[in-house]
Amino acid sequence: MTKPTLNLLPLILSFLYISGGIVAAEPTVQENFIAEMCFFTHYPEVCIGSLLPHANAINESFHEVARAALAVSLVTAESAKANMLKLANLKGLKPMEYGALKDCIDQVDDGVDRLSQSVREMEHLGPAHGGPANGDDPPRGEESSWHGSNVETWTNAALSQVQRCAGGFSGRTLNGKIKTLVQVEVRNVEQILYNGLDLFRIFTNKLSIASDDV
């Protein structure tokens, strides 16, 4: 993987610090690593903002940045499900709105289950299962390929579930506040999930290169 020119990374990080109400400071090595990895994702600024709180745990580990991205995806999906449940309990919902919401909640719930499996499976690709402490040289072999395939399959399935949820609100009949709120939730989860998949693929690409060098 070739690193891009990253002269603007300190500005991006400072912008995110300021927007979060924190005084901007010189980015740390860990924060710059996150920014470098997020450069290759679908939504770099969303990626940086979601992973900066985990900078110390991620350090400069390809495994940990992928694991953190999937864990954030899980938390985001769980939050979306909780918010949709609140919407479903509002008084005055139209029958079609309630039905679409119920189907949407079921889809997101399935996505949460898949993401939970992905996060657990990532542990089989970490330092405790053959890689060094920094996670830069992940475990190799058929077993790691199998675990990696599971993570990608389940995460892709979660993304599909969330997109099906959005599809349930595609008709004009459902236009209104509920649809708008659901679309915001879905879009948030979708962006985080795309980024998680991007970072996971960077990690597995490094794993593949390491195996080829053996």
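Predicted model: local features only at pLDDT ≥ 70, side-chain atom pairs only at ≥ 80, totals over all residues.
Visitor: What is a disulfide, in general?

Guide: It's a covalent bond between the sulfur atoms of two cysteines. Searching the whole structure turns up 2 disulfides.

Visitor: Which cysteine is joined to Cys 38?

Guide: That's Cys 47, with an S to S distance of 2.0 Å. The angle about the S-S bond is -65°, and the link of Cys 38 and Cys 47 is left-handed.

Visitor: Are those two cysteines buried or exposed?

Guide: Cys 38 is buried, and Cys 47 is too.

Visitor: Okay, and how do helices α2 and α3 pack?

Guide: Look at α2, residues 29-38, and α3, residues 44-51: their angle is about 150°, and their axes lie 9 Å apart. The crossing of α2 past α3 is right-handed.

Visitor: Which residues meet there?

Guide: From α2 you have Ile 34, Ala 35 and Cys 38; from α3, Pro 44, Cys 47, Ile 48 and Leu 51. Sorted by class, this contact has 7 nonpolar residues, with no polar and no charged ones.

Visitor: Where is the other disulfide?

Guide: Cys 104 is joined to Cys 165, S to S 1.5 Å. This pair links distant parts of the chain, 61 residues apart: Cys 104 sits in helix α6 (residues 95-122) and Cys 165 in helix α7 (residues 142-167).

Visitor: Why does Cys 104 count as buried?

Guide: Because its relative accessible area is 1%, and buried means under 20%. Cys 165 is buried as well, at 2%.

Visitor: What is the overall pairing?

Guide: Number the bonded cysteines in sequence order and you get 1-2, 3-4.

Technical notes: Residues numbered from 1 in each chain as written. Heavy atoms only, no water. Axes fitted to C-alpha atoms, helices over the stretch in contact; angles between N-to-C directions. Helix = DSSP H or I, 4+ residues; strand = E, 2+ residues; numbered from the N terminus. Left-handed = near helix turned anticlockwise from the far one by under 90°. Contact = heavy atoms within 4.5 Å. Nonpolar A, V, L, I, M, F, W, Y, C, P; charged D, E, K, R; others polar. Disulfide = S-S within 2.5 Å. Buried < 20%, exposed > 50% of the residue type's maximum accessible area, 1.4 Å probe, protein only.
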